[in-house]
Structures are given as structure tokens and as C-alpha cells.
Amino acid sequence: LYQNVKVVCLVFPSQAKYAQSINDTYGQHCNHLRFFHQTYENANLSVTKIPAKSAFELLCTSLFTIEEEKLDYDWIVVATEDTFVIPENLRYYVAPLNSSQPHYLGHAMKFWSQIYNWRDAGYALSRGTVLALKNKFNSKCDGISKYWKNEDWYLGKYLAELKIFPVDTRDEQGKGRFNGYSFKKLLFPGAVSVFEKYWKNSLYLSKDGPQCCSNYAISFHGILSTSKMYQLEYLFYHLRPFYRGGVFGNLPAPTPKPPVFLSWEE
């Protein structure tokens, strides 16, 4: 699916260490990786500075910048610097969808009577959605939001005006694909406080505890140290439990064959 479903990973890292860890880990599995920030830039890590007066202006301008690059892409997945994304599972999920049509995927919440996809869980926009947003604002993003935060809420608001709404992205067992918490909170029953907005504002809840997350989860938030990014890279992409029967599993490695040619010393 790598060549058939092309994904841009869009992140807003505040420090070089976050950009570096993402670039070294799941960023390698994106078709394109883009870093933007309103005050910080780093040429070595391709972090581009985009002056902005609000978080939504930064997000909006970043999306339009990617579109203006004429990249060959189908989807843009937006994530925070402390979110780990599994692009392969996103491709698997969206493969049946037409990226030229508007799609807005993530963890749906409702706040101030507005339904939107929660930033902490990450969200994916089809190319059709990016083009619809670009046409709405005539490629200009300045002055269309008042506050620095809540860019996810503003995005949901403006997409709703275009009749583009979040949908239920849980798998067939009701388990979450876009997860706004870390494993530490999600896998242990009661770790997510009953007072957190997750329980109050989420439209489509998953079970608490080990049944929380899909086997094909797309994102996990709250990866607070860069070292954990590398740990997750190993666990997701390199560690392979041997859970099926076999014959050769316990045999020692074969003895290396002696070289057929003499060495210089010999």
C-alpha cells in the first residue's frame, strides 16, 4: 500500500529533539514528512518557520503549503510532537476510500455544540478535504481564528460549514484507532480519570483497559520522552513474537563455514 496510498505526516515540533526522534522513527514510514512551527526553524531537520497569530492559522497555512508543493499524496495525517503514528495502519484503514472525496478521520469529540476530531489523538485529512478548505479560504488563512489554541476545534467548525464531518473510526469490535492517550493510561482500567474530557466529550467511546485499542491502531498520544519513540519503533516494527509451532526455533545457529581461500597471514 505504500505506493498506492501516499501519506504526508505533518507535525509541529517545538524543539529539535522531537523532530529528530520522529524523523528517525515513524517518519521513515511516511511517504513525505513535513515539520512546521510558528517561531522555530531548523534547516538540518527541515523544520520550516511559518509566522502565525493562531494555532489554526499555522495549521491552515501548513496544509496549503503542502498542497502548493505539488506533492504526490492522498492523505495528510496531523500529529503532535508527542504522538506516535503508524502510517501502515492508516493506509490499511483508508485504502477503500477515495482520497479525492472529502474525508475527515480521527477521534470525534463535541464541545461548544461543535463536533471535531481531537488533536491529541491525531487526525487524517484526505486530499479532497484539503482542497475544499483551500477553496473556502481562497488560499489565505490569516485572521480566521481568535485564539492561539483549539485549532482542532476551529478545523471541525470550518469543515462542518463545508458539510464535512467526523465519523466513527473505531474498528469492528468498537476499539479505538486514533488514541489520545499513551499505553500507560489506556491499558490500565481507571488510569484515565473520570473527570477528563475524554469521557464527557467523546462521541464514540472504547472500553476502558486492555480492550481499549484496535489491533490496527493508528496513533498513540502522550509519548513524553523521545527515547520512548525509539522504543515504540522497535516494538512496532522489529519485535516479532514467535507464537506458532515450529521445528527449527530451538536449534543453534549454524557454524560458519571456514573460508575457502588462505588469509595473508597463512
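Contact here means heavy atoms within 4.5 Å. The exercises below concern a predicted model.

**Exercise 1.** Identify the residues through which H2 meets H4, and describe how the two helices are arranged.

*Solution.*
1. On the H2 side, the residues are Phe 56, Cys 60, Leu 63, Phe 64, Glu 67 and Glu 68. Their partners in H4 are Arg 127, Val 130, Leu 131, Leu 133, Lys 134 and Phe 137.
2. By class, this contact comprises eight nonpolar, no polar and four charged residues.
3. The axes of H2 and H4 (residues 127-137) lie 10 Å apart, at an angle of about 115°.
4. Angles of 65 to 115 degrees count as roughly perpendicular; H2 and H4 are therefore roughly perpendicular to each other.
5. The crossing of H2 and H4 is left-handed.

**Exercise 2.** Determine the packing geometry of H2 and H5 and the composition of their contact.

*Solution.*
1. An angle of about 60° separates H2 and H5, whose axes are 8 Å apart.
2. The two helices are therefore oblique to each other, and their crossing is right-handed.
3. H2 contributes Ala 55, Phe 56 and Leu 59, while H5 contributes Glu 151, Tyr 154, Leu 155 and Tyr 158.
4. Six nonpolar, no polar and one charged residues make up the contact of H2 with H5.

**Exercise 3.** Characterise the largest pocket and its lining.

*Solution.*
1. The largest pocket holds about 640 Å³ of space.
2. Its lining has 28 residues, with Ala 55, Thr 80, Arg 119, Lys 149 and Glu 151 nearest the centre.
3. Helix H2 (55-68), strand E4 (75-79), helix H5 (151-161) and helix H7 (197-201) each provide at least two lining residues.
4. The lining consists of 13 nonpolar, seven polar and eight charged residues.

Notes
Residues are numbered from 1 along each chain as its sequence is written. This is a predicted model: local features need pLDDT of at least 70, side-chain atom pairs count only at pLDDT 80 or more; totals for chains, interfaces and linings use all residues. Side-chain values use heavy atoms; hydrogens and water are left out. On a 1 Å grid over the protein atoms alone, a cavity is a set of points where a 1.4 Å probe fits but cannot get out, and a pocket is an open set with protein on both sides within 12 Å along at least five of seven lines; lining residues have an atom within 4 Å of a point. Grid points are joined across faces, edges and corners, and a volume is the space filled by probe spheres set on the points. Helices (H or I, at least four residues) and strands (E, at least two) are DSSP runs, numbered from the N terminus. Ala, Val, Leu, Ile, Met, Phe, Trp, Tyr, Cys and Pro count as nonpolar, Asp, Glu, Lys and Arg as charged, and the others, Gly among them, as polar. Axes are lines fitted to C-alpha atoms, for helices over the stretch in contact, and angles run from 0 to 180 degrees between N-to-C directions. Angles under 35 degrees count as roughly parallel, over 145 as roughly antiparallel, 65 to 115 as roughly perpendicular and the rest as oblique. A crossing is left-handed if the near helix is turned anticlockwise from the far one by less than a right angle, and right-handed if clockwise.
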